[in-house]
Amino acid sequence: MSDKVSRRQFAKIAGLSAAGMANPVGAVEVNPAPPPRAGTGFPAGFVWGTATSSYQVEGAVNEDGRGASIWDKFVRIPGKIEDGTTGDRANEHYHRYKEDIALIKELGCKAYRFSVAWPRVFPDGDGKPNPKGLDFYNRLVDELLKNGIEPWLTLYHWDLPQSLQDRFGGWRSTETCKIFGDYAAYVAEHLTDRVKNVFTLNESGRFVYFGYGIGIDAPGLTLPQAELNQIRHNSALAHGLAVQAVRAHGRHGTRVGPAENIDACAPAIDTPENVRAAEIALREMNGGYLNVIMTGQYTDAFLKFAGPNAPKYIDAELKIISSPVDFLGLNIYAPQNYVVASDQGAGFMPLPIPKSFPHMNSDWLRVGPETIYWVPKLAAKIWKTDAIYISENGTSGDDVVRPDGKIYDTDRIMYLRNYLAQLQRATSEGVPVRGYFLWSLMDNFEWVYGLNKRFGLYHVNFDTQVRTPKLSASFYRNVIATNAAGV
Ligand code: NOJ
């Protein structure tokens, strides 16, 4: 395809009418939405959304009384962030949130998942709240509702107040868990008159291991396995305390659940034995967090494997950890383990992943669309939940801006089309997936990669802060308008 494509041709390529192209944010109109192909539809009322997180988009790190987070400190350690950038400015979403909500609206999304920056609301983590911090989220929530978009709030997306790291060692201490419970209570009390759905912690699986195990996320520590297991246990305890706080201080009917990067297991070949093996694998590989949250117990195999490194706890903690949730939020990007049945060990064998396994523009982002079919299906069976939300799915891409100013991210569309087709396969079989949040609304600060990895439906020029819809924005808009997989 030539780089020089006219606006009319662009609309044609997108499979869309050129007529309605001009709109306030420049996204391509779907005009009118075509009927979905037979057999590709999602259930009525399926929640279509996008997601971001506070540190990755807000910027304004020193404004209106926000305290420092562990990420503010971590990004300043030389060599930690690949391109040397920080979230100081990021997407300036703190000031541009109205413009960004208009982008969400353009997509036709009915829901938006964002996170509250704990140190904006409590600069030191505990103690005196900062009213200006909460005010930002009041404004954000009001603007979303004004635009017909449901706010889905995450309490913790990794920006721990630095003060808690300094005073208690962060998640190494149960003090931090208790303080997190108080913070959750405060947020629930002030926002659940309008926010009906709350995620507790985002990706314990990542922030514990990357932050405290291999030092590539904040706070950048490399602790031994026993401590990691304890920290993971503490994160589960924090989750449970937050669930209880939302129940006690939120409006009646507020729903709450985790948003976890579940260790994604799928059968290597679809046979009854391998499917059973994948089910066992899913439970065991998630034994340190999701399984204990959902069942109140560490499995025998988990404890045996951990041996002397097993977490220490009292039974009352398991009760808190397993406080009943209203839904399971799963971040699903890539297959972690393809498994086959085995007569050894717990009954499954994870297979090595060949070097030549295809991946997207991030090395870790292997392309395994069937993961988003198997994982919710097996999770619903193991943990007997009737509401699963895909709290994140999406991909980075190189997203070159062509001379015509457009971004033809057919790689992202390929990825999304395949994953959504498999998700539709799951819902059509009655797997209780109720919604999907695409990561991400717009390019943003991608942690260790800085601004180098772009996950957005909207391209962001970080010098000018101009947002430009990629071709995938039109694709997703069409998916939402038709409530179908876009295959
Ligand atoms: C999961 C994390 O929750 C999010 O912060 C991150 O940007 C995406 N994955 C992509 O890596």
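Tutor: Let's begin with His157: a polar atom of the His157 side chain is 2.8 Å from an oxygen atom of the ligand. Keep in mind that this is a predicted model.

Student: Okay, and how much of the ligand does the protein bury?
Tutor: The protein buries 98% of the 290 Å² that the ligand exposes when taken alone.

Student: Which residues come nearest to the ligand?
Tutor: There are 13 residues around the ligand, and the ones that come nearest are Gln56, His157, Asn202, Glu392 and Glu446.

Student: You listed Glu392. What is the distance between Glu392's side chain and the ligand's oxygen atom?
Tutor: An N or O atom in the Glu392 side chain is 2.7 Å from an oxygen atom of the ligand.

Student: And what about a nitrogen atom of the ligand, which side chain has a polar atom 3.4 Å from that?
Tutor: That's Tyr333, with a polar side-chain atom 3.4 Å from a nitrogen atom of the ligand.

Student: New topic. I clicked on Leu155, where is that?
Tutor: Leu155 is part of strand 3, which covers residues 150–156.

Student: Is Leu155 buried or exposed, and why?
Tutor: Leu155 counts as buried because its relative accessibility is 1%, and the cut-off for buried is under 20%.

Student: How far is Leu155 from Gln344?
Tutor: Their C-alpha atoms are separated by 41 Å, and Leu155 and Gln344 are 189 residues apart along the chain.

Student: What about Asn130, where do I look?
Tutor: Look at the loop between helix 5 (118–121) and helix 6 (131–146), that's where Asn130 is. Asn130 has a relative accessible area of 11%, so Asn130 is buried too.

Student: Which backbone oxygen lies 2.8 Å from a polar atom of the Asn130 side chain?
Tutor: The backbone oxygen of Asp64 does, at 2.8 Å.

Student: Let's switch to the backbone. Which residues does a cis peptide bond with omega of about 5° join?
Tutor: Ala218 and Pro219 are joined by that cis bond. Pro219 is in the loop between helix 9 (204–213) and helix 10 (225–249). A cis peptide bond also joins Trp439 and Ser440, with omega about 15°. Ser440 is in the loop between strand 11 (433–439) and strand 12 (458–461).

Student: Why point those out?
Tutor: Most peptide bonds are trans, and most residues other than glycine have a negative phi.

Student: So which residue has a phi near 50°?
Tutor: Glu92 does, and that's a positive value in a residue other than glycine. Glu92 is in the loop between helix 3 (70–74) and helix 4 (93–107). Gln465 isn't a glycine either, and its phi is positive at about 65°.

Student: Where is Gln465 found?
Tutor: Gln465 is in the loop between strand 12 and strand 13 (466–469). Gln465 counts as buried, since its relative accessibility is 1%.

Student: Last one, is Gly288 buried or exposed?
Tutor: Gly288 is buried, because its relative accessible area is 8%. Gly288 lies in the loop between helix 11 (272–285) and helix 12 (290–295).

Definitions and conventions:
Residues are numbered from 1 along each chain as its sequence is written. This is a predicted model: local features need pLDDT of at least 70, side-chain atom pairs count only at pLDDT 80 or more; totals for chains, interfaces and linings use all residues. Side-chain values use heavy atoms; hydrogens and water are left out. A residue is near a molecule or strand if one of its heavy atoms lies within 4 Å of it. A polar contact is a pair of N or O atoms within 3.5 Å; within protein, one must be able to donate a hydrogen and the other to accept it, and residues adjacent in sequence count only if both atoms are side-chain atoms. Accessible areas come from the Shrake-Rupley method with a 1.4 Å probe; for residues, only the protein chains shown count as cover. Helices (H or I, at least four residues) and strands (E, at least two) are DSSP runs, numbered from the N terminus. Buried means under 20% relative accessible area, exposed over 50%, partly exposed in between (1.4 Å probe, protein chains only).
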